[in-house]
Structure formats: structure tokens, C-alpha cells
Amino acid sequence: MKKLNWGNVDAASEGYAAPPAGGYVLVICAVEDHADKEYLKIYCDIAGVADKANEQFIGYYGQRKERSGDKIPLFSFIRSYRDSARGFFKAFLVALEKSGNSGFVADRFNGNEQQFCGMVIGAVLGEEEYVWNGKLRMRLNVEHFCSVERIQKGDFKIPELKKANSAAMPVAAPSSSMDSFGTNVPLLSDEEIPF
């Protein structure tokens with residue numbers, strides 16, 4: 001290995017900083033209509049934050065997408081427009097209207113979902129645990145939408161963490177253990193214990 005001046009190198013942290021649960025102003029970047037299943041998939045980025053401590057996350061998803069060469073998508077959420085979900089879709093439209101998007105009126109939405117691109121909306125994001133490939137992970141989900149003004153005023157409540165279903169988590173039995181010297185020691189069954 002070549003010699004390096006390790007004094008000039010910052011140590012990497014164990015994880016990476018990701019936006020926490022809280023209030024955000026989202027800007028809509030792209031919209032896909034899945035007409036066969038009657039929902040929109042809406043991609044967005046963070047355009048504003050309620051908590052000044054989270055300002056570093058403004059533009060977070062766009063920067064992450066750019067660094068990955070478009071391999072990591074933007075933050076996204078689903079809005080169904082099926083009969084059973086139309087009230088929730090209307091609430092989304094009202095939040096867009098109340099967020100000051102120029103000329104947008106919820107009651108006059110004509111079905112052109114592409115007009116959402118560039119619009120902003122207030123969103124309260126909550127954390128949710130999930131299991132993927134046998135590992136417990138965390139993601140952000142939209143808890144509810146509101147006006148940008150409510151987010152800016154801090155007029156929202158951060159939801160509690162949604163825990164993963166413990167039945168969905170695999171439980172692996174340990175096959176060995178480390179002794180005090182860091183050596184792998186096989187675990188013995190009750191039958192193998194000599195006393």
C-alpha cells in the first residue's frame with residue numbers, strides 16, 4: 001500500500017444523514033399516471049423545512065439522484081383516484097391550492113396531472129420500519145398533506161414511529177459466539193453440555 005498522510009483524511013461515519021420525520025415543503029418534479037390501477041406516482045424533492053436544523057436536506061433527493069447517476073429515484077408517494085380514495089385525492093388537491101400554487105383551484109382540476117410539476121405542497125413525513133432482505137430498515141412516508149404555510153408555522157404534529165410487524169422479522173439462531181478474546185466459539189446444545 002502506498003504511504004498516505006492519514007491526518008488529512010476525515011473518517012467516514014457509520015451511516016449517512018437522511019431526512020428525519022417532520023414537516024417539509026415538497027416540490028413536485030415528475031408525475032406518472034398508472035391509469036390501469038387508477039393512481040398517480042408523484043416524485044418530489046425537499047424545497048423547504050419546518051425545522052431550521054433540517055435545512056441541509058433541502059434538495060436532498062435531487063442531489064442523491066444526481067450522485068447515483070439516476071440509479072436512486074427521487075422521493076415518491078402514491079395518490080389513488082379510485083372511487084374509494086377520491087376524498088383523499090381531493091384533500092391532496094386542496095393542499096396544493098392552499099399552498100399558493102399560482103392559479104390552481106382544486107374544484108377546477110381538469111385531470112392533467114402534468115400540471116403538478118413544479119408545484120409545492122406541505123407534507124408531514126413520518127418514519128416507518130420495514131423488513132427487506134431479512135434486515136430491519138427505515139423509510140419516510142407521507143403522513144398527511146397540508147398547506148406550505150402550516151409547515152412554515154410549525155402547525156403540525158410529527159407522527160410516532162410505525163414499528164415493523166414483529167412476525168415479519170426473521171429470527172436467526174446464533175451458531176457461534178465470541179469469547180472474551182474475540183475467538184469464535186461454537187454454541188453447544190443442551191445434549192452436548194457435559195454436566
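Predicted model: local features only at pLDDT ≥ 70, side-chain atom pairs only at ≥ 80, totals over all residues.

Me: What pattern does the protein chain follow along the sequence?

Reply: It reads β-β-α-β-α-β-β-α-β-β, with three helices and seven strands. Those are DSSP runs numbered from the N terminus: H or I of at least four residues for helices, E of at least two for strands.

Me: And what's the strand order in the open sheet?

Reply: S3-S2-S1-S4-S5, five strands with antiparallel pairing. Strands pair if DSSP finds at least two bridges between them. S3 (75–80) and S5 (135–146) are the edges, each with a single partner strand, so one side of each has no neighbour in the sheet. The twist averages 45° from one strand to the next.

Me: How many bridges join S4 and S5?

Reply: 11, antiparallel; Glu 128, for instance, has Arg 139 in S5 as its bridge partner. S4 and S5 make a hairpin with two residues between them, and Asn 133 in the turn has a positive phi of about 50°.

Me: What about S1 with S4?

Reply: Six bridges, antiparallel again, with Gly 23 partnered by Val 124 in S4. S2 (residues 39–49) and S3 are also joined by six bridges, and there Lys 41 has Ile 78 in S3 as its partner.

Me: OK, helices. Which strands does H1 lie across?

Reply: H1 (residues 60–67) lies across S2, S3 and S5, at about 110° to S2. H2 (residues 86–98) packs on the sheet too, touching S1 (22–34), S2, S3, S4 (120–132) and S5, and its direction makes about 125° with that of S3. Contact here means heavy atoms within 4.5 Å; axes are lines fitted to C-alpha atoms, for helices over the stretch in contact, and angles run from 0 to 180 degrees between N-to-C directions.

Me: Changing topic: is Trp 6 buried or exposed?

Reply: Exposed, at a relative accessible area of 53% (buried is under 20%, exposed over 50%, partly exposed in between, with a 1.4 Å probe and protein chains only). Trp 6 sits in the segment before S1.

Me: And how much of the whole chain is buried?

Reply: 29% of its 195 residues.

Note on methods:
Residues numbered from 1 in each chain as written. Heavy atoms only, no water.
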